[in-house]
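Welcome! Here is a short briefing to read alongside the sequence and the 3D view. Take a look at the fold, then follow the notes below.

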Amino acid sequence: EMFGQLTSGLESAWNKLKGVDVLTKENIAEPMREIRRALLEADVSLPVVRRFIQEVSEQAVGVGLIRGVRPDQQLVKIVHDELVKLMGGEVSDLVFAKSGTTVILLAGLQGVGKTTVCAKLAFYLKKLGKSCMLVAGDIYRPAAIDQLSILGEQVGVPVYKEGTDVKPSEIAKRGVEEAKKKNIDVVIVDTAGRLQIDKTMMDELKEVKRTVNPTEALLVVDAMTGQEAAALVTTFNVEIGITGAILTKLDGDSRGGAALSVREVSGKPIKLVGRGERMEDLEPFYPDRMAGRILGMGDVLTFVEKAQEVMRQEDAEDLQKKIMSAKFDFNDFLKQTRAVAKMGSMTRVIGMIPGMGKVTPAQIREAEKSLKIMESMIDAMTPEEREKPELLAESPVRRKRVAQDSGKTEQQVSQLVAQLFQMRVRMKNLLGVMEGGSIPALNN
Ligand code: GDP
């Protein structure tokens with residue numbers, strides 16, 4: 001089972017939270033330790049683990065039961081989303097030249113599966129309807145050229161070769177020229193793999209890259225090597241400048257560390273993954289599917305996502321209707337603030353409002369404090385005042401009464417009233433509805 005250990009480590013984290021009403025700093029401490037241990041055992045690099053745990057903890061604290069979704073189930077979703085983010089979020093597609101032949105340069109240490117990837121990639125591209133050619137530039141490893149020729153024949157793709165006595169950059173140059181002449185869609189240039197990084201290898205690679213000016217320069221790394229793979233991607237990127245990585249041998253007893261670390265450590269995406277020795281075992285790297293596999297809790301995720309979707313839709317529709325008709329009043333304001341407090345995190349609500357970016361935990365705490373103050377003022381309003389904020393805007397006497405009853409200053413009440421109207425206008429503007437949303441001047 002791929003990532004089996006990581007999956008079961010995470011599972012024991014959820015189990016510790018069954019039955020809690022709300023996630024707190026205290027009750028998530030032990031599960032977070034479990035997750036941390038599971039990630040470290042999966043060979044994810046320590047700084048990545050630290051950041052991950054911090055992100056997840058910040059989002060988790062304060063999460064309670066929402067619409068039948070238990071806190072522990074929501075935590076699964078939080079961890080899932082953070083895993084996806086860690087792996088780069090979206091799938092990172094191969095880039096093709098706008099016109100003419102696309103050149104893909106493949107680099108990698110010996111034994112990682114580079115030669116196999118050359119053929120697999122050609123096979124994959126053929127399925128996409130692209131014509132391909134392979135260029136045999138690995139002149140050092142015994143039999144690499146023969147191996148490439150055999151695999152090329154197997155997938156029905158021509159292999160350009162000049163033996164082992166010619167400089168790789170010259171082979172690459174002529175190979176690419178040949179492909180262009182034949183109007184081949186994609187030419188894949190194999191390069192020398194060595195047992196370890198050395199200056200000769202890097203210099204040679206730099207020269208090949210300069211010569212063929214590739215659209216994609218991809219480093220092939222072995223998933224079994226864990227965070228070492230992530231470090232290699234970083235090194236090659238710094239030395240050569242690469243566009244991404246191909247992660248092989250994900251089918252083996254890979255612990256997952258490479259898949260989780262490459263993007264975060266190197267800043268470069270994993271574009272494709274190999275999960276077997278057959279030619280068809282190469283596919284795009286989908287961070288969300290990978291996160292799902294790691295968690296192994298597809299049903300819980302689907303459940304939480306559905307609930308969140310319904311909630312988002314209802315709230316958004318409701319809010320939009322209110323805003324469009326300028327009916328957003330203090331009751332809505334209160335409902336919003338209470339919903340926010342219950343969720344413990346404003347991020348999601350704010351995320352729903354276009355134009356508002358990510359908020360920090362400190363900002364959330366600050367916001368929650370001022371929400372409490374607002375609540376006490378709104379509590380002191382009459383039902384009529386809540387529905388018709390204009391009443392408060394027009395009457396200093398009413399504002400004074402609200403201030404006295406809530407123990408706040410008249411200025412704070414005025415600010416709150418002004419804020420509501422500003423919110424109406426701002427939201428209307430955000431929705432592109434400009435008319436009819438002026439801010440009334442408060443009568444004194
Ligand atoms: P190179 O030295 O980097 O060119 O590596 P090769 O392409 O010769 O591959 C080395 C070994 O790894 C071969 O036995 C391949 O069959 C095997 N291999 C390559 N990719 C994968 C993969 O995704 N999964 C598995 N299980 N084996 C692979």
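Helices (H or I, at least four residues) and strands (E, at least two) are DSSP runs numbered from the N terminus, and two strands pair if DSSP finds at least two bridges between them.

This is a predicted model, in which local features need pLDDT of at least 70 and side-chain atom pairs count only at pLDDT 80 or more, while totals for chains, interfaces and linings use all residues. Residues are numbered from 1 along each chain as its sequence is written.

**The protein overall**
- The protein has 19 helices and 8 strands.
- Of its 444 residues, 41% are buried; a residue is buried if 20 or more other C-beta atoms, placed from the backbone, lie within 10 Å of its own, exposed if 12 or fewer, and partly exposed in between.
- Among contacts between residues at least 6 apart in sequence, 75% join residues at least 24 apart; a contact here means C-beta atoms, placed from the backbone, within 7 Å.

- In strand 4 (residues 186-190), 5 of 5 residues are buried.
- In a regular strand the side chains alternate between the two faces of the sheet.
- On one side of strand 4 are Val-186, Ile-188 and Asp-190, and on the other Val-187 and Val-189, all of them buried.
- Strand 1 (residues 102-108) runs parallel to strand 4 and is joined to it by 5 bridges, with Leu-105 partnered by Val-189.
- Strand 1 also has 7 of its 7 residues buried: Thr-102, Ile-104, Leu-106 and Gly-108 point one way, and Val-103, Leu-105 and Ala-107 the other.

**Further pairings**
- Strand 1 pairs in parallel with strand 5 (residues 216-222) over 5 bridges, and Ile-104 stands opposite Glu-216 there.
- Strand 2 (residues 132-135) pairs in parallel with strand 4 over 4 bridges, where Met-133 has Val-187 as its bridge partner.
- Strand 2 also pairs in parallel with strand 3 over 2 bridges, and Val-135 is partnered by Tyr-160.

**Nonpolar cores**
- A nonpolar core is a set of buried Ala, Val, Leu, Ile, Met, Phe, Trp, Tyr and Cys residues joined through C-beta atoms within 7 Å.
- The largest one has 105 residues, of which Ala-122, Leu-134, Val-135, Ile-188, Val-189 and Leu-247 touch the most other members.
- Helix 5 gives the most to this core, 8 residues.
- Apart from this core lies another of 14 residues, among them Phe-330, Met-377, Val-402 and Val-417.

**Around the ligand**
- The ligand is surrounded by 18 residues, the closest being Gly-113, Lys-114, Thr-115, Thr-116 and Gly-274; a residue counts if its C-beta atom, placed from the backbone, lies within 6 Å.
- Helix 5 (residues 114-127) supplies the largest share of this shell, 3 residues.
- The shell divides into 1 nonpolar, 11 polar and 6 charged residues; Ala, Val, Leu, Ile, Met, Phe, Trp, Tyr, Cys and Pro count as nonpolar, Asp, Glu, Lys and Arg as charged, and the others, Gly among them, as polar.

Methods. Two residues are in contact if their C-beta atoms, placed from the backbone, lie within 7 Å.
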